[in-house]
Structures are given as structure tokens and as C-alpha cells.
Amino acid sequence: MPDALAHGAEIRAQCHVSRILVDDNTGLATGVTYLRNGLEHRQRARMVAVAGYSIETPRLLLLSASKRFPDGLANDHDQVGRYLMVQGAPQTAGRFDEEIRMYKAPPPEVSSEQFYETDPTKPYRRGWSIQNVSPLPITWSEHVTAQGHWGEVLREYMRDYVHWATLGALCEFLPQPDNRVTLADETERHGLPVAHFSYTQCDNDKALVQAAQESMETILRAAGAGEVMTVQRYAHLVGGARMAARPEDGVVDRDLRTFAVPNLWITDGSVLPTKGAANPALTIMSLAARAADRLVAGARAGSTGRAVR
């Protein structure tokens with residue numbers, strides 16, 4: 001933010017964008033409406049970039065329906081809100097006789113992508129990465145209680161904390177069109193519909209998580225662990241306005257520009273078409289930086305049309 005402010009950006013706190021405005025004749029975005037202190041304001045713009053992530057970005061596009069876009073902005077092909085993805089993120093801990101003291105270093109210290117790619121000998125597609133993680137005591141207590149332990153047994157596990165080491169997996173779940181965001185009947189404090197999030201794991205996702213858990217248990221036991229325990233977790237939501245080669249298959253092109261509105265950009269994790277088995281943050285940052293280059297080039301050329309390369 002300091003760098004943005006130094007280059008002329010203005011940050012308006014406590015503002016809630018309620019709608020992206022589009023000229024139905026030209027098909028171009030003309031700005032946004034936003035709510036602040038109970039009042040609606042309009043901000044004109046030559047280009048609009050949205051970065052609300054995988055829930056709020058699709059929600060805003062759906063809230064921005066118009067005569068030209070009756071089913072939601074940039075939603076001519078019913079792609080807005082679809083293909084939401086998370087990662088299966090199970091964590092498996094193993095107890096060792098010696099003290100491990102996993103809290104001594106920040107995670108992940110070691111990571112492996114041995115199981116990242118599809119193994120044609122297995123009945124499931126795609127794979128997972130493994131890294132060691134170091135849950136601190138409060139998170140460790142959640143790990144233990146997930147096994148059903150409570151009372152004196154929980155206290156004993158907590159006293160034994162320094163003997164445990166933990167591995168975590170990130171599993172690549174598959175994109176499914178029915179995992180999606182739509183608008184709910186319920187409204188929030190501004191009277192706007194909230195997002196309805198619908199998500200179900202497919203058989204491939206379930207098989208992948210099970211295989212990842214087994215791989216971590218095997219590693220820990222091979223390293224000398226006696227008891228092992230796993231907690232099921234999920235991480236890193238992406239999708240909902242995915243990148244595609246054709247407008248029939250997605251919302252934005254490779255430059256993160258929406259197919260339907262040439263001067264509307266989406267610069268967050270909602271554009272990712274697949275999940276991967278790694279933290280998506282650096283990919284999102286790289287795509288946003290690339291889109292910023294395209295936006296700046298277009299602004300210098302005075303263009304709101306096709307990307308300037």
C-alpha cells in the first residue's frame with residue numbers, strides 16, 4: 001500500500017462496492033457504485049479491476065446484472081461462479097521416542113513433490129505435495145481433539161507435545177462445474193444478496209486424500225514414529241471466474257481481461273482454472289503483476305479495447 005500511495009493511488013476505507021456499471025450500448029464498464037456510511041456513491045472509471053477473490057468476485061459480477069447481462073456481468077455462458085476448488089490438506093502427526101520440538105522452526109522447512117503428478121498405475125488422477133508443518137500448541141490441541149480425545153487423555157497428549165512431528169499434504173482436487181457460487185435469498189446489512197457456496201467432493205478427490213494420508217503415515221513410520229494420527233483439513237480456495245481460451249469455457253482470457261467486457265479485469269485467485277498441489281499465492285501475484293503490465297500499457301495507449309502487447 002505505501003508503494004501504491006506513493007504512485008498516486010487513493011484508498012477509500014469502509015467502502016463496499018455494490019455494482020459494476022456497464023454501458024449497454026458500448027459494452028464497456030463505466031465505473032462502480034459503492035456504499036459508505038449508508039449512502040451510495042458512484043465512481044467513474046476508464047478501466048475496472050476486481051480483486052474480491054473466489055466468493056466475492058463472482059458475487060459482485062452476479063450482482064451487476066443489467067439489460068445487456070441479465071444473468072450477471074460477463075456471464076453470457078453461465079461460467080461466473082463455477083469451478084470452485086479447494087485443496088485437500090490433511091495433516092498426519094507421528095510420535096517419536098526422542099524429543100522433536102516441532103515448534104522450533106516455521107513451516108514448511110522441507111517439501112516434496114514426489115507424488116505431485118498423475119501416476120498412471122493408480123486409479124485416481126493428479127496428486128499431492130508433502131511438507132512438514134509445525135502446529136503450535138493450540139492448533140495441536142485441535143489436531144488431538146479431532147481424534148475424539150478429551151479430558152485427561154487430551155492433557156496427556158498436550159504434555160507429550162514435544163515428541164510429535166507433523167506432515168501436511170496439499171491435494172489437487174479437480175475442477176467441477178457444479179461447485180459454484182450463486183446468489184442466496186438471504187441478504188446482508190446493505191440489503192444485497194449474500195453468496196451461496198455449493199461444494200461437493202468427487203470420488204477422485206476422496207481417493208486422493210486417502211492416498212496422501214497413507215503416504216504420510218508410511219513416511220512417519222519409516223522414520224521411526226510409533227503412533228500416528230491424521231486430521232482432515234482443507235485449504236486455498238480458488239476458481240469462480242476462471243481463465244480460458246474461449247468465452248464458452250471461462251470468464252477471463254490469459255491477460256485476466258473478461259471476455260465480455262474489454263475494460264474489466266479480474267486479478268485474484270478466482271481466475272485459476274486448476275488447483276495444483278501448492279500454495280497458489282505466488283501464482284496469483286505473478287498473474288496480477290502481468291495483468292498490471294497489460295493495464296498500464298493500455299492506459300498509456302489510451303485504449304480500453306484489446307490488450308496492448
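Modeller: Here is a short tour, starting with the overall picture and moving on to particular residues.

Biologist: Okay, what kind of model is this, and how are residues numbered?
Modeller: This is a predicted model, where local features need pLDDT of at least 70, side-chain atom pairs count only at pLDDT 80 or more, and totals for chains, interfaces and linings use all residues. Residues are numbered from 1 along each chain as its sequence is written, and side-chain values use heavy atoms, with hydrogens and water left out.

Biologist: How many helices and strands are there?
Modeller: The protein has 6 helices and 14 strands. Those are DSSP runs (helices are H or I with at least four residues, strands are E with at least two), numbered from the N terminus.

Biologist: And what does the C-alpha trace span?
Modeller: About 70 × 50 × 40 Å along the principal axes.

Biologist: How much of the protein is buried?
Modeller: Buried residues are 45% of the 309 in the protein. Buried means under 20% relative accessible area, exposed means over 50%, and partly exposed is in between (1.4 Å probe, protein chains only).

Biologist: What about the area it exposes?
Modeller: About 16,100 Å², with carbon and sulfur atoms supplying 52% of it. Those areas come from the Shrake-Rupley method with a 1.4 Å probe, and for residues only the protein chains shown count as cover.

Biologist: What share of the contacts comes from residues 24 or more positions apart?
Modeller: Among contacts with a separation of 6 or more, such residues account for 68%. A contact means heavy atoms within 4.5 Å.

Biologist: Let's zoom in. Is helix H2 mostly covered or uncovered?
Modeller: H2, residues 53–63, is mostly covered, with 8 of its 11 residues buried. The buried ones are Ser54, Thr57, Pro58, Arg59, Leu60, Leu61, Leu62 and Leu63.

Biologist: What do those buried residues pack against?
Modeller: Several strands: S1 (16–22), S4 (48–50), S10 (180–187), S11 (193–198), S13 (234–238) and S14 (264–266).

Biologist: Switching to charges. How many positive and negative side chains are there?
Modeller: There are 33 positive and 36 negative side chains, and the centres of the two sets lie 7 Å apart. Lys and Arg count as positive and Asp and Glu as negative, while His and the chain ends are not counted. The place of a charge is NZ of Lys, CZ of Arg, CG of Asp or CD of Glu.

Biologist: How many salt bridges does the structure hold?
Modeller: It holds 18. A salt bridge here is a side-chain nitrogen of Lys or Arg within 4 Å of a carboxyl oxygen of Asp or Glu.

Biologist: Show me a few.
Modeller: Arginine 101 and glutamate 99 meet in one, at 2.8 Å from N to O. Arginine 101 is partly exposed at 37% relative accessible area, and glutamate 99 is partly exposed too, at 44%. Glutamate 152 forms another with arginine 159, their closest N and O atoms being 2.9 Å apart. Glutamate 152 is partly exposed at 45%, whereas arginine 159 is exposed at 52%.

Biologist: Which residues are linked in a network of salt bridges?
Modeller: Asp78, Arg82, Asp178 and Arg180.

Biologist: New topic: where does leucine 136 lie?
Modeller: Leucine 136 is in the loop between strand S8 (128–133) and helix H3 (137–145). Leaving out residues up to four places away in sequence, leucine 136 touches Tyr103 and Tyr161. Leucine 136 and tyrosine 124 are 12 residues apart in sequence but 33 Å apart in space, C-alpha to C-alpha.

Biologist: How many aromatic pairs does the structure hold?
Modeller: There are 8. The rings of tyrosine 103 and tyrosine 161 make a stacked pair, because their centres are 6.1 Å apart and their planes are at 20°. Rings of Phe, Tyr and Trp (its six-membered ring) pair if their centres lie within 6.5 Å; planes under 30 degrees apart count as stacked, over 60 as edge-to-face and the rest as tilted.

Biologist: Are tyrosine 103 and tyrosine 161 buried or partly exposed?
Modeller: Tyrosine 103 is partly exposed at 33%, while tyrosine 161 is buried at 8%.

Biologist: And which residues do ring pairs link into a cluster?
Modeller: Tyr103, Trp140, Tyr157, Tyr161 and Trp164.
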